[in-house]
Amino acid sequence: MNAFEKAIAFVLFWETSGGKAIRHRAAGEQWETMYGFSQKAHPEIDFDTFTEDQAKAKYFSDYWEKYGCVDMRWPINFVHLDCCVNVG
């Protein structure tokens, strides 16, 4: 298991509820999240067809590569990924 696979396993464990969409309400608004991606922040995602593999690919490109985790050593890359995911 490589560094990304270890890190994404942790992220997905905490960001999902069995991979199901989770309804959130805040200040009268309602939106869904799936695999940790918010429909509000990512309207391009079709939650009816979004898969775990697609979520992993999106985490890899939108976070792991984009924010330089790929160039960091374990466990700093894991901590950095988790922080990037948590701040959106």
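Modeller: Helices here are DSSP runs of H or I with at least four residues, strands are runs of E with at least two, and both are numbered from the N terminus. By that rule, the protein chain has three helices and three strands. Their order from the N terminus is α-β-β-β-α-α. The model is predicted: local features need pLDDT of at least 70, side-chain atom pairs count only at pLDDT 80 or more, and totals for chains, interfaces and linings use all residues. Residues are numbered from 1 along each chain as its sequence is written, and side-chain values use heavy atoms, with hydrogens and water left out.

Biologist: How many aromatic pairs are there by your rule?

Modeller: Twelve. Rings of Phe, Tyr and Trp (its six-membered ring) pair if their centres lie within 6.5 Å; planes under 30 degrees apart are stacked, over 60 edge-to-face, and the rest tilted.

Biologist: What makes Phe10 and Trp14 a tilted pair?

Modeller: Their ring centres are 6.3 Å apart, which is within the limit, and their planes stand at 55°, so the pair is tilted. Both residues lie in helix α1 (residues 3-15), four residues apart, about one turn of the helix.

Biologist: Why is Phe10 called partly exposed, and why is Trp14 called exposed?

Modeller: Relative accessible area decides (1.4 Å probe, protein chains only): under 20% is buried, over 50% is exposed, and in between is partly exposed. Phe10 has 35%, so it counts as partly exposed. Trp14 has 60%, so it counts as exposed.

Biologist: Why is the pair Phe37 and Tyr59 called tilted?

Modeller: The centres are 4.4 Å apart and the planes are at 40°, so this pair is tilted. It links distant parts of the chain: Phe37 is in strand β3 (residues 37-38) and Tyr59 is in helix α2 (residues 52-65), 22 residues apart.

Biologist: What makes Phe37 buried, and what makes Tyr59 buried?

Modeller: Phe37 has a relative accessible area of 2%, so it is buried. Tyr59 has 1%, so it is buried too. Both also belong to a cluster linked by ring pairs, along with Tyr35, Phe47, Phe50, Tyr63 and Tyr67.

Biologist: Which residues have the most contacts inside the largest nonpolar core?

Modeller: They are Phe37, Phe50, Tyr59, Tyr63 and Leu81, in a core of 20 residues. The elements giving two or more residues to this core are α1, α2 and α3 (76-87). The largest share, five residues, comes from α1. Such a core is a set of buried Ala, Val, Leu, Ile, Met, Phe, Trp, Tyr and Cys residues joined through side-chain atoms within 4.5 Å.

Biologist: Where is His42 found, and why is His42 called buried?

Modeller: His42 is in the loop between β3 and α2. Its relative accessibility is 15%, so it counts as buried. His42 touches Phe37 and Lys58, not counting residues up to four places away in sequence.

Conventions:
Contact = heavy atoms within 4.5 Å.
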